[in-house]
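Hello,

Here is the structure I promised you. Please open it first, then read my notes below.

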Amino acid sequence: MSFTVALPPRTSLTRREHALARACSLVATRLPPSARRVEHAVHWAQRSADRPSTLAETEAAVLAVCTASIRLAGITACLAALLYCRAHGHSPSLVLEMRPGTAQVHAWLEADRQPAAEPTDPRLLYVPITRYQFQEADPL
């Protein structure tokens, strides 16, 4: 079965933003594809962030990494955008869900409990597997 795939719109980036987005993309693509490594990277990014992301910041991060590296797809694009957000001091939630009756898994970033930079609401088609969300650091 075929389906139409549309790329997100390109966004204007400064040289610094473009370099940061490319660096985040490279780190995300170099992570070994094991669930444990990915989970460790997500926890590191969220634990060391200052605050949760807003929806606008998360969408800007997704557009930045997709503009800087057009070959990103799936969990790699989400990880790159998560790292990009972390570099700016905030962190969105990473959601992994599965489509019932199939083996299709989808990942996306959320902020303010809303999917960021998704063409349609994926919550209508997928069932939650796990959610990694920002948690305030414990005071000492």
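**The core**

The largest nonpolar core holds 28 residues. Ala21, Val42, Val65, Ala81, Tyr84, Leu94 and Leu109 have the most contacts inside it. Such a core is a set of buried Ala, Val, Leu, Ile, Met, Phe, Trp, Tyr and Cys residues joined through side-chain atoms within 4.5 Å. Buried means under 20% relative accessible area (1.4 Å probe, protein chains only). Helix H1 (15–30), H2, helix H3 (55–68), H4, strand S3 (93–98) and strand S4 (105–111) each give at least two residues to this core. H4 supplies the largest share, 9 residues. Helices (H or I, at least four residues) and strands (E, at least two) are DSSP runs, numbered from the N terminus.

This is a predicted model: local features need pLDDT of at least 70, side-chain atom pairs count only at pLDDT 80 or more, and totals for chains, interfaces and linings use all residues. Residues are numbered from 1 along each chain as its sequence is written, and side-chain values use heavy atoms, leaving out hydrogens and water.

**Two helices**

Helix H2 (residues 35–47) packs on helix H4 (residues 74–87) at about 25 degrees, with the axes 9 Å apart. That makes H2 roughly parallel to H4 (angles under 35 degrees). From H2, the contact (heavy atoms within 4.5 Å) uses Val38, Val42, Trp44, Ala45 and Gln46. H4 brings Leu79, Leu82, Leu83 and Arg86.

**Serine 93**

Serine 93 sits in strand S3. Is serine 93 buried or exposed? Serine 93 is buried, at 13% relative accessible area.

Best wishes

Conventions. Axes fitted to C-alpha atoms, helices over the stretch in contact; angles between N-to-C directions. Parallel < 35°, antiparallel > 145°, perpendicular 65-115°, else oblique. Buried < 20%, exposed > 50% of the residue type's maximum accessible area, 1.4 Å probe, protein only.
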